[in-house]
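Visitor: I would like a close look at a single part of this model. Please take me through it step by step.

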Amino acid sequence: MNEGVAGLLWLVPALPLFGALLLGLAGRRLNDLWCAVIACGSVGLSAALVCLFGSAYFVDSVPQLQTLWVWFDADGVTPRIALRLDGLSLIMAVVITGVGFLIHLYSSGYMAGEEGYARYFAWLNLFVGAMLVLVLADDLLLLFLGWEGVGLCSYLLIGFWYRDAANGAAARKAMIMTMAGDLPLVIGLLLLFSHFGVTAIPALMEQATATWTDSTTLPITLALLLLAGAVGKSAQLPLQTWLPDAMAGPTPVSALIHAATMVTAGVYLIARLHPLFVLAPGVLSLIAWLGAAGLLLAAVSALVQTDIKRVLAYSTISQLGFMFMALGVGAWTAAMFHLFVHAFFKALLFLAAGVASLSLGHERDLRRMGGLRTRQAWAFWGFLAGSASLAALPYVSAGFFSKDLILAEVWQRGRGALWFAGWLGALLTAAYITRAFVIGFLGKACTRITRETDGRMHLPLAVLIVPTLAAGVFELPIGAGGARLFSDLVAPVLPAAADAGHGGWGAMLAVLAPLLGIGMTWYLLRVRPAWSAAWRTSATAGRLSAWWFHGWGFDALYERVLRRPYARLAARLSGDPLDRPFTGLGHGSYRLWHLLSSSQNGQLRRYAAAVAAGTAVLLAMVLP
Amino acid sequence: MTATPVLLTLAAALLVVGIAGVLARRNLMFMLISVEVLFNAAALAFIAAGAHWAQPDGQIMFLLIISVSGAEAAVALALMLRIERHFGTLDIDAARTLRD
């Protein structure tokens, strides 16, 4: 790649950031068309640049490193503003700019006529810029800057319709929950910096592997601290409860931030810093089990949701759980591949759901949608393709290949229990998305279409259907004879995937899981609806589904264990109990003064009486 | 010899009368007179004590008390005039502006 173009790497994050600046400063003076042009144009140009760099990397596999300047120099610690484009960050950048561009285009139609059009695009552009900084950063501190930047944009965009107090509460909840993970992350980063005195990621990883041995205290502590940050960002147990509430934001925001990109930052962080996690096998095991638990709990919750966006939110938690499970067994490439595929199909699902609910007048309740095949064909086919990929329909969807890769890797490492959890998760995934599709898109029409959607929203759906169904060709299973482009691309960064697939049994069962899930749900909902109705009306089912509906009661638990005691403590402390001795001293002196000053009444005869009485007392004391 | 208890009893009676006058009367004039009675009670006690022990000190104290009471009367009468001018009355309970 020639030098002139290589020097343009900084433009990739700078273009969206510049767009955000322009829209933020001059947005009020621009009309909606110009806002959309600036926003889509900046991300589109950035995407084109990423394609350029990507094709060059594909040919020569030489990572690009561009150091722009030294950020600051604090006693020898010199974090740099430096960008690195290698296989891993290239994949992320492709997803962010590609899906990001499509979602910008979609937003220009979806948000048409909304108040704050420029504000929306300014924040969306800022998000893309910050996310690109996060994935391209060569320096851990710069990565953290992007990390907090995307968190800020997530907060701003969840609360975009800020006039509704509930949206503001959801935004604050997202901020606070992710911050609960970010605090340990900061501590971990500072620990790492102070220990090695450098902030560049490759140098840190090199020194960590060179100086630390397996399972000693320091790497374990560090891995746990960094894991807390990843868990908060990626909405994994036990910090997962913010994601379903984050659906208060506009649907394209949910598609971009809370499905395709930001929430996968935790997975990226662990993959990027994997040499450190390898030093702590116990923590890796914890990651795998956290992922498996999140996968199953969220999948079961998704099974009973009635709000289409909440189904997809729980589904995102569940799919991120899949990625965490893959990370936990050391299948870095499989996790990243699932991240890659998930970004496309989950964005497609959200966008299709957005088209459907927008045309029905912002109707998000599955039970009041229905009958959309002919009335809203774009949404219908888009959602169908996304569902097929999410359910991992064998061989015809990309989701099958990525999920199968994870299951194969887990199988190969002999983690039977984990494999079974993953298998069950795949079955449940197929079941809940089939249920959402059958209830929400098939059946009788319940609500009239009140708004027509336009090409700006249909085009992204059409484009996203392609990778949703076909991205599997980048990484075909062993034995299918295909090239393993994805593994080759990330091979310099992530250790290669082991070169053997499932055993015969495992492969068969893995193919069976989605079919079983789809078949069972279809049977219960369409062939024998009476059964499921009877089951639904029973008391046990009511209690169980209410429990699952509220995400296994995590919110209520945190409310009782954390929020309420904290509020009570705060209420008690608001009266400054520690100040009481000192304010009491003041109050006491004041009261004493009041008492004594009342004796100074100006009555001469009282004074005379007091003098006489005092003298009498003195005399009585003196005289024997 | 036998006069001493009588004199002291008289002095005590004068003292009680004086104190009662100071505490009970509201007219400043009468209060001053009561104070003079008090002086005389003290003076009588000194005289009695001096006579009892055949010492001249009692009479010296008597002269001192007489002169002090004269000076006191001069100052007090001047104050009384001012109070009468200022408040328009000699009622001591009315003159209570000097307080907290």
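At what angle do helix 15 (residues 308-328) of chain A and helix 16 (residues 332-359) of chain A pack, and how far apart are their axes?

Guide: Keep in mind that this is a predicted model. Helix 15 of chain A and helix 16 of chain A pack at an angle of about 175°. Their axes are 9 Å apart. Angles over 145 degrees count as roughly antiparallel. That makes helix 15 of chain A roughly antiparallel to helix 16 of chain A.

Now look at the residues that meet. On helix 15 of chain A they are Ile308(A), Lys309(A), Leu312(A), Thr316(A), Gln319(A), Phe322(A), Met323(A), Ala326(A) and Leu327(A). On helix 16 of chain A, the partners include Trp332(A), Ala335(A), His338(A), Leu339(A) and His342(A). Further residues of helix 16 of chain A in this contact include Lys346(A), Leu349(A), Phe350(A) and Ser357(A). Sorted by class, the contact of helix 15 with helix 16 of chain A has 13 nonpolar, five polar and two charged residues.

Helix 14 (residues 281-304) of chain A packs with helix 19 (residues 416-441) of chain A at an angle of about 25°. Here too the axes are 9 Å apart. Angles under 35 degrees count as roughly parallel. Helix 14 and helix 19 of chain A are therefore roughly parallel to each other. Helix 14 of chain A passes helix 19 of chain A in a left-handed crossing.

Which residues meet? From helix 14 of chain A come Ala288(A), Ala292(A), Leu295(A), Leu296(A), Ala299(A), Val300(A), Ala302(A) and Leu303(A). From helix 19 of chain A, the residues include Leu418(A), Ala421(A), Gly422(A), Leu424(A), Gly425(A) and Leu428(A). By class, the contact of helix 14 with helix 19 of chain A has 14 nonpolar, three polar and one charged residues.

Zoom in on one residue of this contact. Leu303(A) lies in helix 14 of chain A. Is Leu303(A) buried or exposed? A residue is buried if 20 or more other C-beta atoms lie within 10 Å of its own. Leu303(A) has 20 other C-beta atoms within 10 Å, so Leu303(A) is buried. Leaving out residues up to four places away in sequence, Leu303(A) touches Leu428(A), Ala431(A), Tyr432(A), Arg435(A) and Trp548(A). Take Arg435(A) from that list. Leu303(A) and Arg435(A) are 132 residues apart along the chain. Their C-alpha atoms are separated by 7.5 Å.

Now follow the partner helix. Helix 19 of chain A has 26 residues. From its first C-alpha to its last, helix 19 of chain A reaches 37 Å. That is close to the 38 Å expected at 1.5 Å a residue. Helix 19 of chain A is mostly covered, with 20 of its 26 residues buried. Just after helix 19 of chain A, Gly443(A) takes a positive phi of about 75°.

One more pair of helices follows. The axes of helix 4 (residues 87-110) of chain A and helix 11 (residues 251-260) of chain A come within 9 Å. They cross at roughly 165°. Helix 4 and helix 11 of chain A are therefore roughly antiparallel to each other. Their crossing is left-handed. Helix 4 of chain A contributes residues including Val95(A), Val99(A), Gly100(A) and Ile103(A). Helix 11 of chain A contributes Thr251(A), Pro252(A), Ala255(A), Leu256(A) and Ala260(A). By class, the contact of helix 4 with helix 11 of chain A has nine nonpolar, three polar and no charged residues.

Tyr268(A) is buried, with 26 other C-beta atoms within 10 Å. Not counting residues up to four places away in sequence, Tyr268(A) touches Met92(A) and Val135(A). Tyr268(A) and Leu134(A) are 134 residues apart along the chain, and their C-alpha atoms are separated by 9.5 Å.

Finally, step back to the whole chain. Chain A has 27 helices and two strands. Its C-alpha trace spans about 125 × 65 × 60 Å along its principal axes. Of the 624 residues of chain A, 52% count as buried. Take contacts in chain A between residues at least 6 apart in sequence: 80% join residues at least 24 apart.

How values were computed
Residues are numbered from 1 along each chain as its sequence is written. Chains are lettered from A and ligands numbered from 1 in the order in which they are written. This is a predicted model: local features need pLDDT of at least 70, side-chain atom pairs count only at pLDDT 80 or more; totals for chains, interfaces and linings use all residues. Axes are lines fitted to C-alpha atoms, for helices over the stretch in contact, and angles run from 0 to 180 degrees between N-to-C directions. Helices (H or I, at least four residues) and strands (E, at least two) are DSSP runs, numbered from the N terminus. Angles under 35 degrees count as roughly parallel, over 145 as roughly antiparallel, 65 to 115 as roughly perpendicular and the rest as oblique. A crossing is left-handed if the near helix is turned anticlockwise from the far one by less than a right angle, and right-handed if clockwise. Two residues are in contact if their C-beta atoms, placed from the backbone, lie within 7 Å. Ala, Val, Leu, Ile, Met, Phe, Trp, Tyr, Cys and Pro count as nonpolar, Asp, Glu, Lys and Arg as charged, and the others, Gly among them, as polar. The expected span of a helix is 1.5 Å times one less than its number of residues. A residue is buried if 20 or more other C-beta atoms lie within 10 Å of its own, exposed if 12 or fewer, and partly exposed in between; C-beta atoms are placed from the backbone.
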